[in-house]
Amino acid sequence: MSKITRHESNPVLSNAVEYHGFVFLAGVTAQDLSKDVTDQTKQVLAKIDELLENHGTDKTRLLQAQVWLKDIRDRDALNAVWTQWLPEGGAPVRACVEANMADPRHLVEIMITACR
């Protein structure tokens with residue numbers, strides 16, 4: 001049986017879980033909540049790059065993305081940043097929905113699954 005490795009865990013969640021060559025990242029949000037959705041998305045994707053690298057993979061190995069937007073009308077702004085960030089031909093399966101955020105200053109949250 002493959003080992004499940006949990007990283008940066010607390011009683012509620014782990015920030016990353018590794019299992020059988022897969023890396024599951026918890027939802028990533030921006031640090032600077034004074035920024036608009038474009039800049040928050042850039043911050044989130046930069047953090048995802050860092051987390052993937054820390055776990056031995058990168059955005060060329062994306063399998064799935066779940067995206068939550070505070071306002072679905074921001075989807076075009078998100079997609080403008082998202083499509084520039086993705087490697088050519090490397091789009092994962094993805095869901096993008098509007099959601100009430102735990103902190104209303106968060107405009108976007110992205111959760112990723114990748115493989116090594």
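Predicted model: local features only at pLDDT ≥ 70, side-chain atom pairs only at ≥ 80, totals over all residues.
We start with the helices. Two packed helices are described by the angle between their axes and the distance between the axes. Here helix H1 covers residues 37-54 and helix H2 covers residues 75-85. The angle at which they pack is about 30°, and their axes lie 9 Å apart. The crossing in which H1 passes H2 is right-handed. On the side of H1, the residues that meet H2 are Val37, Thr38, Thr41, Lys42, Leu45, Ile48 and Asp49. On the side of H2, their partners are Ala77, Leu78, Val81, Trp82 and Trp85. Sorted by class, this contact of H1 with H2 is made of 8 nonpolar, 2 polar and 2 charged residues.

Next comes the empty space. Rolling a probe the size of a water molecule over the atoms shows where empty space is left. In this model the largest pocket has a volume of about 150 Å³. Its lining consists of Glu8, Asn15, Ala26, Gly27, Val28, Thr29, Gln31, Lys47 and Leu51. Strand E4 (28-29) and H1 are the elements that give two or more residues to this lining. By class, the lining has 3 nonpolar, 4 polar and 2 charged residues.

Most residues other than glycine have a negative phi, and most peptide bonds are trans. Glu8, however, has a positive phi, near 50°. Glu8 belongs to strand E1, which spans residues 4-9. Is Glu8 buried or exposed? Glu8 counts as exposed because its relative accessible area is 58%, and the cut-off for exposed is over 50%.

His20 is another residue that has a positive phi without being a glycine, with a value of about 50°. Where is His20 placed? His20 sits in the loop between strand E2 (14-19) and strand E3 (22-25). With a relative accessibility of 56%, His20 is exposed as well.

Thr113 gives a contrasting case. This residue is found in strand E7, residues 108-115. Thr113 has a relative accessible area of 12%, and so it counts as buried, the cut-off being under 20%. Which residues does Thr113 touch, leaving aside those up to four places away in sequence? The neighbours of Thr113 on that count are Val23, Phe24, Leu62, Leu63 and Gln64.

Technical notes. Residues numbered from 1 in each chain as written. Heavy atoms only, no water. Axes fitted to C-alpha atoms, helices over the stretch in contact; angles between N-to-C directions. Helix = DSSP H or I, 4+ residues; strand = E, 2+ residues; numbered from the N terminus. Left-handed = near helix turned anticlockwise from the far one by under 90°. Contact = heavy atoms within 4.5 Å. Nonpolar A, V, L, I, M, F, W, Y, C, P; charged D, E, K, R; others polar. 1 Å grid on protein atoms, 1.4 Å probe; cavity = no way out; pocket = protein on both sides within 12 Å on 5 of 7 lines; lining within 4 Å. Points joined across faces, edges and corners; volume = space filled by probe spheres on them. Buried < 20%, exposed > 50% of the residue type's maximum accessible area, 1.4 Å probe, protein only.
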